[in-house]
Amino acid sequence: MTTPVLEDLDAGFPRPARDVLERLAKLPAANIGDAMDRLGVADSAIQAIWPGARIAGPAFTVWTRPGDNQGIHRALQLARPGDVIVVAGGGDESRALLGELIGERAINLGIAGFALDGAARDAETLGEIGMPVFARATTPAGPYKNGPSRLGTPISFGGVPVMPGDIIIGDSDGVVIIPRDQAANVAEAAEAVFADETSRRAAIIADRTK
């Protein structure tokens with residue numbers, strides 16, 4: 001039996017509640033990772049390709065042959081505004097899966113950003129246009145466009161399982177993945193971690209200035 005993909009499902013997988021997503025988007029990835037017992041943190045090699053990039057949104061998953069971006073082009077036709085396109089690209093660093101042209105299209109479509117277990121290019125231009133991209137590497141080499149690919153399936157991203165609709169948070173420390181059905185509990189726990197660290201830091205600063 002063939003596993004259904006999003007072309008069959010009309011991209012109708014559940015997304016997280018907006019208020020929970022907004023709470024998580026305000027928090028550092030490190031605090032969220034601590035709240036999940038350091039689980040859900042993607043491989044540290046996957047980082048923002050331009051300074052200050054941040055992502056927060058539900059995962060639209062793509063599983064592609066390394067170095068091939070046919071699946072990303074298909075995903076752009078189906079993803080909804082606010083989605084993060086998350087690509088399992090086999091960790092390949094030899095071919096960029098996207099660059100400025102896909103970035104510009106994604107802005108027009110309201111895509112929140114990209115998380116690639118693979119490479120990207122045009123980092124400076126993507127920063128200038130404000131499209132957040134997290135990737136394992138950058139390279140000027142372009143992709144193949146032959147496939148195969150799968151959309152809307154469970155994937156492994158940087159060593160972490162990702163289901164469609166899981167929440168992706170990325171900042172200057174890297175990327176964390178929050179299971180959608182645990183999002184409210186993780187938000188509450190991460191807010192407590194943030195409040196505790198903020199209080200402890202204030203106390204340390206106060207000691208220094210005595």
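**Entry 1: D83.** I listed the contacts of D83 (heavy atoms within 4.5 Å) and left out residues up to four places away in sequence: D83 touches F13, R15, P58, F60, I111, A112 and G113. A note for the reader: this is a predicted model, where local features need pLDDT of at least 70, side-chain atom pairs count only at pLDDT 80 or more, and totals for chains, interfaces and linings use all residues. Numbering starts from 1 along each chain as its sequence is written, and side-chain values use heavy atoms, with hydrogens and water left out.

I placed D83 in the loop between α4 (70-78) and β3; helices (H or I, at least four residues) and strands (E, at least two) are DSSP runs, numbered from the N terminus. Is D83 buried or exposed? D83 counts as buried because its relative accessibility is 1% (buried is under 20% relative accessible area, exposed over 50%, partly exposed in between, with a 1.4 Å probe and protein chains only).

Next I looked up polar contacts (pairs of N or O atoms within 3.5 Å; within protein, one must be able to donate a hydrogen and the other to accept it, and residues adjacent in sequence count only if both atoms are side-chain atoms). The side chains of D83 and R15 are joined by one of 2.7 Å. The D83 side chain also reaches the backbone nitrogen of R80, at 2.9 Å.

**Entry 2: the core.** I then turned to nonpolar cores (sets of buried Ala, Val, Leu, Ile, Met, Phe, Trp, Tyr and Cys residues joined through side-chain atoms within 4.5 Å). The largest has 41 residues, and those touching the most other members are I85, L98, F114, L116, V133, F157 and I168. Strand β3 (residues 84-96) supplies the largest share of this core, five residues. A second, separate core holds 15 residues, including L24, L27, I169 and A187.

I also followed L116: beyond four places in sequence, its contacts include I46, I72, V87 and F157.

**Entry 3: backbone checks.** Most residues other than glycine have a negative phi, and most peptide bonds are trans. I found that D37 has a positive phi of about 60 degrees although it is not a glycine, and R38 has a positive phi near 65 degrees. D37 sits in the loop between α3 (29-35) and β1 (47-48), and R38 is found in the loop between α3 and β1. D37 is exposed at 63% relative accessible area; R38 counts as exposed at 58%.

Which residues does a cis peptide bond join? I found it between G147 and P148, with omega about 0 degrees. P148 lies in the loop between β6 (137-138) and β7 (149-151).
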